[in-house]
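Morning, everyone. I have one structure to walk you through today. Please look at it with me before I start.

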Amino acid sequence: MENAGGGRGALIVLEGLDRSGKSSQCARLLSFLQGKGCAAEGWRFPDRETSVGKMISAYLANESQLDDRTIHLLFSANRWEKRSLMESKLLGGTTLVVDRYSYSGVAFSAAKGLDIEWCKAPEVGLLAPDLVIYLDVQPEKAAERGGYGGERYERVEFQKSVAEHYHSLRGSTWKVVDGSLSMETVEEQLRELAMNCISECQEKQLTNLAW
Ligand code: 2DT
Ligand code: MG
């Protein structure tokens, strides 16, 4: 379809609080795009498969303790270690649907009290998304959705602070979708946003994240 002419793929990021529906919607969007014949892959951060990702995973499971700045930089390193592969996929025409990215990195660390500018710095130079879809749900509502999985950060008070920091990061590539609507309604909105993004990004250069 859109990328049949050899254009680049789109970098589409989904962001939101824990239990906002990101992972389900990423999967639905991905199968929709693939069903349309679009070259697309689903990615997620943290990517827990790499050696850095394994350290992050142990930290999130409360199996290890790390200084706040140290874990922040590991999350960032986990994106940096994937940057060149991400770039070659995109330039090769594959659209990437990514579950969390630098915005999670900044919003979660800033919610711990780290300086937001300090948090943004290591993200500069990663690839800039063409579209960031923020699934907006109230922290209390998200917590009701089958509860949290018991990982670090999965507490309502903390998630409220994360939501405020996400809010301060909203920029021109952001689209806020009401995540409290039905799965089908959200899915429909995401399809439209993604299709528009994929066709529009054909004429746009891939750029670096600059905040
Ligand atoms: P998942 O529940 O989506 O696996 O995320 N996080 C994530 C950060 O603190 N910094 C980051 O850079 C990223 C990508 C959000 C696990 C948790 O990790 C947090 C929730
Ligand atoms: Mg989680």
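I will cover the sheet, then a helix pair, then a few single residues.

First, a caution: this is a predicted model.

Let's start with the sheet. Five strands form an open sheet, and their order is β2-β3-β1-β4-β5. The pairing is parallel. Which strands sit at the edges? They are β2, residues 40–44, and β5, residues 174–178. Each of these pairs on one side only. On average, neighbouring strands are turned by 20° against each other, with direction ignored.

Now look at one pair in that sheet. β2 and β3 run parallel, and five bridges join them. Strand β3 covers residues 95–99. For Arg44, the bridge partner in β3 is Asp99.

Next, helix α1, which spans residues 22–35. α1 lies across β1, β2, β3 and β4. Against β3, α1 runs at about 165°.

α1 also meets helix α8, residues 183–200. Their axes come within 10 Å and cross at roughly 55°. So α1 is oblique to α8. What is the handedness of the crossing? The crossing of α1 and α8 is right-handed.

Who makes this contact? From α1, the residues are Ser24, Gln25, Arg28, Leu29, Phe32 and Leu33. From α8, they include Met183, Val186, Leu190, Ala194 and Ile198. Glu184, Glu187 and Arg191 of α8 take part too. By class, the contact has nine nonpolar, two polar and four charged residues.

On to single residues. Phe75 lies in helix α3, residues 68–91. Is Phe75 buried or exposed? Its relative accessible area is 14%, under the 20% cut-off, so Phe75 counts as buried. Leaving aside residues up to four places away in sequence, Phe75 touches Pro46, Ile56, Leu60 and Tyr153.

Take Pro46, in the loop between β2 and α2. The peptide bond from Phe45 to Pro46 is cis, with omega near 0°.

Then Tyr153, in the loop between α6 and α7. Tyr153 is not a glycine, yet its phi is positive, about 85°. Tyr153 is buried as well, with a relative accessible area of 9%.

Trp211 has 36% relative accessibility, so it counts as partly exposed.

That's the tour. I'm happy to take questions.

Notes. Residues numbered from 1 in each chain as written. Chains lettered and ligands numbered in written order. Predicted model: local features only at pLDDT ≥ 70, side-chain atom pairs only at ≥ 80, totals over all residues. Heavy atoms only, no water. Axes fitted to C-alpha atoms, helices over the stretch in contact; angles between N-to-C directions. Helix = DSSP H or I, 4+ residues; strand = E, 2+ residues; numbered from the N terminus. Parallel < 35°, antiparallel > 145°, perpendicular 65-115°, else oblique. Left-handed = near helix turned anticlockwise from the far one by under 90°. Contact = heavy atoms within 4.5 Å. Nonpolar A, V, L, I, M, F, W, Y, C, P; charged D, E, K, R; others polar. Pairing = 2+ DSSP bridges. Buried < 20%, exposed > 50% of the residue type's maximum accessible area, 1.4 Å probe, protein only.
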